[in-house]
Amino acid sequence: MAAKRSRSKTTRRTRRTTKKTTARRTTTRRSPAKTPQATTAKKTPTRSVLGPATVVVVNMIPRTLSGEQSQDSEPHLAVNPSNPKQIVGTAFTGDPSGGPHAPIYVSSDGGNTWALNSIVPSTTGASSGTFDITTAFSGKGSTLYAGILKAGNGHLEFLRTIDPFTPTVMTVLKDRANADQPFTHATVEKTGKTLGKERVYIGNNDFAGPGGKTATVDEALNAGATTASFTTVRVEKRTTSGQDGPQSRPVAHPDGTVYSAFYRWRAGTGNFQANTFKITSADVVVVRDDKGGSGSPPFSALIDTDGTAGKRVVQGVSFAFMVAGTAATGQQRLGGSLSIAVDPRDSKRVFLAWGDAQPGSILTLHVRLSTDSGQTWSAADCLTLPNSTNAALAVNASGVVGLLYQELRGTGAAQRWVTHLRRSNDAVNWNDLILADTPAATPVKSFDPYLGDYDHLLSLGNDFYGVFCANNTPDKTHFPNGVKYQRVADFNSRKLFRVDGTTVVAPSIDPFFFKVS
Amino acid sequence: MARVARLTSSDARFVFRGSVRRLRASASPLVKPSADTAVATVEEVIEAPELMSHLAGQEITVRFEGRKRPKSGQQVTFRCVSWLFGEAVAVRVIDFEPFTAAGRALIVAAATPDPAARLAQRDAQARFDQADVVASGRVVSVSIAPGSAPAMLSFNAEANIEDRLSEHVPLWRDAVIQVHAVHKGQHAGDTATVRFPASIDVMWFRAPKFHVGQEGFFMMHRGELAGSKRPDVAVAAGGPSDQTLTSLHPADYQPFDQAGGIRQAIGVALPVPDETHS
């Protein structure tokens with residue numbers, strides 16, 4: 001009976017979606033109606049404790065850019081907590097005209113359709129619209145914050161717009177040189193004296209960090225102020241090999257608890273220029289602030305056994321830090337992988353994922369759980385995933401943890417990047433949804449990173465929202481839970497076309513949005 | 001708070017002849033009609049990147065950045081950058097002027113009818129105008145630039161910023177060029193050393209990558225990354241000083257057998273093939 005209801009619901013959804021795509025059919029050479037899976041959300045029967053899930057996967061490239069064949073890698077996503085219909089995505093996507101503003105992907109219908117809106121300060125003719133970019137909605141109105149490395153000069157910039165759906169170019173709140181991988185998280189105070197104030201945390205690896213303590217979180221605790229002020233917090237408190245790793249990942253809970261995770265680099269060997277460099281010893285460190293980032297000093301609430309702020313969850317891990325991806329790594333450069341997520345029901349319950357080298361694996365992901373605010377962690381992994389990278393964690397309103405990651409399977413020309421969403425409500429039994437299973441050897445990369453140095457997952461209510469990058473060949477077998485393309489695609493011939501519907505376009509790397517309910 | 005720089009006509013990346021169909025209107029469901037918007041028909045694309053060179057015949061939304069407005073029905077040359085791409089296209093109009101017979105003559109006189117090639121030629125000309133030295137020659141050696149990106153970590157907590165590792169490190173290389181001729185600027189000696197990033201990271205992949213035996217035209221820029229222009233890169237490992245010659249833009253190198261670009265800028269046409277050897 002349940003299955004019958006499920007089929008019926010799916011059929012209704014198919015009809016609605018097909019109706020919406022009528023206009024597109026008029027310009028698409030082959031009718032999408034022949035490929036219902038391409039436009040249909042799919043109910044996936046599962047064997048896990050979580051039950052069936054409704055999965056929507058959408059290729060984010062707009063129809064009017066059907067002719068593009070760029071490497072739109074390194075995706076990130078923001079969903080507006082006050083209006084989940086508003087979603088913003090980012091990637092290494094250039095401005096279509098090569099103009100002075102880089103685009104963001106915008107959706108005002110919950111991710112079903114996407115457009116590019118060029119509003120990020122950039123440089124005319126830059127090699128990419130922007131370099132590293134991540135965004136976050138605070139939840140106050142439609143205000144969106146971004147951390148970028150600006151195309152043209154590589155500067156770290158913090159940006160803001162009160163409405164990313166307008167043509168107004170984002171305002172630069174702060175600009176400085178010599179930093180890497182800005183990772184943006186924003187929230188709004190829901191209680192207390194500072195009710196309604198926006199807080200923004202942008203993790204980054206600041207090479208100007210004195211004493212080689214480069215892991216950094218820049219925070220603005222009243223980010224909505226006309227002149228928002230960011231404070232640079234050095235979250236690394238121990239000696240390093242001269243620097244920390246590039247990943248610095250903050251996440252905030254509504255009760256004012258803020259966590260951040262980073263790799264403390266302790267030793268390395270090999271030759272970076274020759275692509276043989278390896279971190280031979282690194283600690284995975286979690287720091288915490290219990291006052292929204294205003295602790296004294298900030299992010300010093302979690303003290304380890306050495307009496308120093310910052311819990312070393314694991315010590316002495318190793319992994320390659322590559323300057324370029326190789327055939328053996330599915331063209332993807334590797335350099336660790338890190339994600340942290342907190343349970344919205346209980347700020348003491350926090351999940352951590354990291355990557356390290358294990359025998360026979362290019363990178364192995366580990367997931368662990370703390371139920372005491374990061375002071376102690378599960379002795380063993382909740383999940384161990386060999387040959388995988390781009391870990392992204394989120395916990396939904398029911399306490400279900402989700403892990404997005406990309407697994408490299410096979411060898412040689414048969415290599416595949418398999419994108420998974422694993423979910424669990426007990427951190428023991430894990431559901432596995434395969435969102436994409438695409439070739440890893442094609443297309444040949446234009447630049448590093450091939451898929452991105454990260455992807456992203458977040459939750460709102462009981463829904464998971466995420467984004468990943470993959471080969472965009474329109475092949476139903478590549479997307480076992482269905483997919484919807486806006487760009488002109490024929491799933492029968494497995495070809496992409498320009499808007500004219502006749503000129504074939506070569507496969508490339510595209511960002512894919514997904515929602516799992 | 002930094003202010004957004006005002007765009008000028010030279011920033012335009014999409015130039016087209018079009019007719020204004022409706023003022024205060026929009027052809028995109030994502031754009032609310034306002035006094036700043038209009039619907040125009042693209043009648044001829046004059047300059048555009050490849051992705052936008054096929055818009056002729058389409059109605060698009062134009063948004064005026066300045067106060068000037070055309071009249072309904074007027075045929076004008078629009079100078080634009082992109083704004084919104086969804087089910088429909090919307091662009092920002094930096095400037096426009098009435099389309100005239102003189103404008104038609106300029107289009108007809110252009111070296112190529114291809115809008116993408118025209119834009120590429122404008123880019124190449126801009127790089128030529130900015131270049132300190134333009135030479136033709138042959139690459140005779142390539143080596144790691146002195147003091148370039150660290151082979152490994154310094155293991156020194158007090159290390160300089162330039163000793164720190166990033167996936168965006170440019171991996172500077174020095175190419176020595178045997179100079180055949182200097183076409184712009186002053187350069188003494190038979191060789192010139194030009195620094196370029198060997199990295200194929202997203203920051204650097206479009207920059208020319210030189211190898212021994214490579215022949216062609218080289219546009220070299222002195223101090224392009226130094227001083228206030230790119231302080232982050234200037235201090236990065238082996239970063240160019242204000243006297244170092246660099247080639248960073250894709251247009252900065254051109255093989256001898258390619259028409260347009262630097263050839264057009266220096267007024268040297270492709271040699272006519274020798275029919276006796278064909």
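Biologist: What should I know about the conventions before reading values?

Modeller: The model is predicted, so local features need pLDDT of at least 70 and side-chain atom pairs count only at pLDDT 80 or more, whereas totals for chains, interfaces and linings use all residues. Residues are numbered from 1 along each chain as its sequence is written, chains are lettered from A and ligands numbered from 1 in the order in which they are written, and side-chain values use heavy atoms, with hydrogens and water left out.

Biologist: How much area do chain A and chain B bury between them?

Modeller: The size of an interface is often given as the accessible area lost when the parts come together. Buried area is that loss with a 1.4 Å probe, summed over both parts. Here chain A and chain B bury about 5,400 Å², 58% of it on carbon and sulfur atoms. With contact meaning heavy atoms within 4.5 Å, 75 residues of chain A and 55 residues of chain B take part.

Biologist: How many salt bridges does the rule find across the interface?

Modeller: The rule asks for a side-chain nitrogen of Lys or Arg within 4 Å of a carboxyl oxygen of Asp or Glu. Three are found between chain A and chain B. One of them joins B:Glu50 and A:Arg498, at 2.8 Å from N to O.

Biologist: Which strands of chain A supply residues to the side that touches chain B?

Modeller: Strands are DSSP runs of E, at least two residues long, and helices are runs of H or I with at least four, both numbered from the N terminus. S6 (115–121), S10 (171–176), S11 (179–188) and S16 (258–269) of chain A each supply at least two residues to that side. The largest share, five residues, comes from S6(A). By residue class, the side of chain A that touches chain B has 29 nonpolar, 35 polar and 11 charged residues. In this scheme Ala, Val, Leu, Ile, Met, Phe, Trp, Tyr, Cys and Pro are nonpolar, Asp, Glu, Lys and Arg are charged, and the others, Gly among them, are polar.

Biologist: Which strand of chain B pairs with S6(A)?

Modeller: Two strands pair if DSSP finds at least two bridges between them. S6(A) pairs with S4 (residues 75–85) of chain B, antiparallel, over two bridges. A:Asn117 stands opposite B:Leu84 in S4(B).

Biologist: Where does a sheet lie within chain A, and in what order do its strands run?

Modeller: One open sheet of three strands has the order S30-S31-S32 in chain A, with antiparallel pairing. Its edge strands, S30 (489–490) and S32 (504–505), each pair on one side only. S30(A) and S31 (residues 495–497) of chain A share two bridges, and A:Asp490 has A:Lys495 in S31(A) as its bridge partner.

Biologist: Which peptide bonds are cis?

Modeller: Omega is the angle to read. The bond joining A:Ser296 and A:Pro297 is cis, with omega about -10 degrees, and A:Pro297 sits in the loop between S17 (278–289) and S18 (311–320) of chain A. The bond from A:Asp448 to A:Pro449 is also cis, with omega near 0 degrees; A:Pro449 is in the loop between S26 (431–439) and S27 (456–460).

Biologist: Is A:Phe299, with its positive phi, buried or exposed?

Modeller: Buried means under 20% relative accessible area, exposed over 50%, and partly exposed in between (1.4 Å probe, protein chains only). A:Phe299 is not a glycine, and its phi is about 60 degrees. A:Phe299 counts as buried because its relative accessibility is 0%. A:Asn390, with phi near 55 degrees, lies in strand S23 (residues 388–395) of chain A and is buried at 2%.

Key. Buried area is the accessible area (1.4 Å probe) that two parts lose on being put together, summed over both.
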